[in-house]
Amino acid sequence: MWRSVEVENTKVEQTIGLIGGMSWESTAIYYKEINEIVRRRRGGLASADILLRSVNFEDINALQRAGDWEQAAKRLAKIARQLVDGGAGCILICTNTMHLIADTVAENLGVPLIHIIDVTGAALVTASIKRPLLLATLYTMEQPFYCDRLRERFDLSPIVPDEKDRSRIHNVIFNELCCGVISDQSRQAFIEIIARGRARGADAVILGCTEIGLLIGPEDTQLSLFDSAKLHAKAAADFADGKPPAGAVSVEPHRGCPTMTADRAPRYSLSSHLQSCAEVEEH
């Protein structure tokens, strides 16, 4: 799967395909982070070969609110195919929430979809983390696709905040961070949420929404932060250099994260999912 093409001893870089705009505030982080990594590695005026398709987040968010993940999957799958047809050698969905339908998007692409959960999980394992606190949108914290994948693929025991804190996090993400608003009051709220997670046994924090890194940094907590956006961007830069990114790369659907279809999405039991998180704390 992984090849590094050489022409007269000059390595030919791979083209990165980004599906962004969800929100564009975090997509800007991807673009900047990838290019900064490439410039540091190669020097001079080097930058990454990137194909970026930025969607209208208002349209995607309407599908999220309606629970129409099947239509969302169709839209992103079509965009992914367009990027591959345009020359992309890999695909990244530049948002955690939309990895709910990543396996559907990855189907029949013929190139790797670099999965944000796998990249993040690999970083957690490397750092010997066991019980990370997941901060993300309600969709990511309350649907099982994220935590289940961390459990099944990486033997991690993620925990999520309580209902009140989950709602606060979600509202800050959509009403502030996605709109470019950075609030000291919200930063303090996140610091307190992290402290409560630490008291419950969390040994690290997953910034499981690509905008949260705009608000919270290492100086705000004693726990290690794992910024999913920056980890994902580094994986893309590694791919461009012909190296396998840290973590699994999904081409075929993962058995633990079924393809979203009309009769299956999004049917899940929130109470069962949150109960599994609670059971983690008991052990």
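Predicted model: local features only at pLDDT ≥ 70, side-chain atom pairs only at ≥ 80, totals over all residues.

1. N108 counts as exposed, because its relative accessibility is 72% and the cut-off for exposed is over 50%. The residue sits in the loop between α4 (102-106) and β6 (113-114). Its phi is positive, near 60 degrees, although N108 is not a glycine.

2. D155 can be read alongside it. Phi of D155 is near 55 degrees, again a positive value in a residue other than glycine. D155 belongs to the loop between α7 (145-154) and α8 (163-175). Is D155 buried or exposed? With a relative accessibility of 63%, D155 counts as exposed.

3. Two glycines with positive phi follow helices. G242 follows α10, and its positive phi is near 80 degrees.

4. The bond joining M22 and S23 is cis, with omega about 0 degrees. S23 is located in the loop between β3 and α1, and the elements on either side of this loop are taken up next.

5. Strand β3 (residues 16-20) has 5 of its 5 residues buried, so the rest of the structure largely encloses it. I16, L18 and G20 point to one side of β3, while G17 and I19 point to the other, and all are buried. In a regular strand, side chains alternate between the two faces of the sheet. β3 pairs with strand β4 (residues 50-54) in the parallel sense, over 5 bridges. Opposite I16 in that pairing stands I50 of β4.

6. Helix α1 (residues 24-42) has 19 residues, which at 1.5 Å a residue should span 27 Å; the C-alpha atoms at its ends are 27 Å apart, in agreement. The buried residues in α1 are E25, S26, T27, I29, Y30, E33, I34, N35, I37 and V38. Which elements cover them? The cover includes β3, β4, β5 (90-93), α5 (116-126) and α10.

7. Helix α10 (residues 228-240) passes the same kind of length check: 13 residues at 1.5 Å each should span 18 Å, and the end C-alpha atoms are 18 Å apart. How many of the residues of α10 are buried? The count is 10 of 13, and the helix is mostly covered. Among the buried residues are S228, H232, D238 and F239, together with several alanines including A229 and A240. At the start of α10, a side-chain oxygen of D227 comes to within 3.1 Å of the backbone nitrogen of A229.

8. An open sheet is formed by 3 strands in the order β7-β8-β9, with parallel pairing. β7 (132-135) and β9 (224-227) are the edge strands; each has a single partner, so one side of each is left without a neighbour in the sheet. From one strand to the next the twist averages 25 degrees.

9. β8 (residues 204-207) pairs with β9 in the parallel sense over 4 bridges, and β7 pairs with β8, also parallel, over 4 bridges. P132 has A204 in β8 as its bridge partner. Towards β9, V205 is partnered by L225, and I206 stands opposite F226. Both faces of β8 are covered: A204 and I206 are buried on one side, V205 and L207 on the other.

10. T140 is part of helix α6 (residues 138-142). T140 is buried, with a relative accessible area of 0%. What does T140 touch, leaving aside residues up to four places away in sequence? The contacts are N96, T97, L134, F145, Y146 and G208.

11. Some totals for the protein close the note. There are 11 helices and 10 strands, and buried residues make up 53% of the 283 residues. Of the contacts between residues at least 6 apart in sequence, 77% join residues at least 24 apart.

Terms used
Residues numbered from 1 in each chain as written. Heavy atoms only, no water. Expected span 1.5 Å × (residues − 1). Buried < 20%, exposed > 50% of the residue type's maximum accessible area, 1.4 Å probe, protein only. Polar contact = N/O pair within 3.5 Å; in protein donor to acceptor, adjacent residues only side chain to side chain. Pairing = 2+ DSSP bridges. Axes fitted to C-alpha atoms, helices over the stretch in contact; angles between N-to-C directions. Contact = heavy atoms within 4.5 Å.
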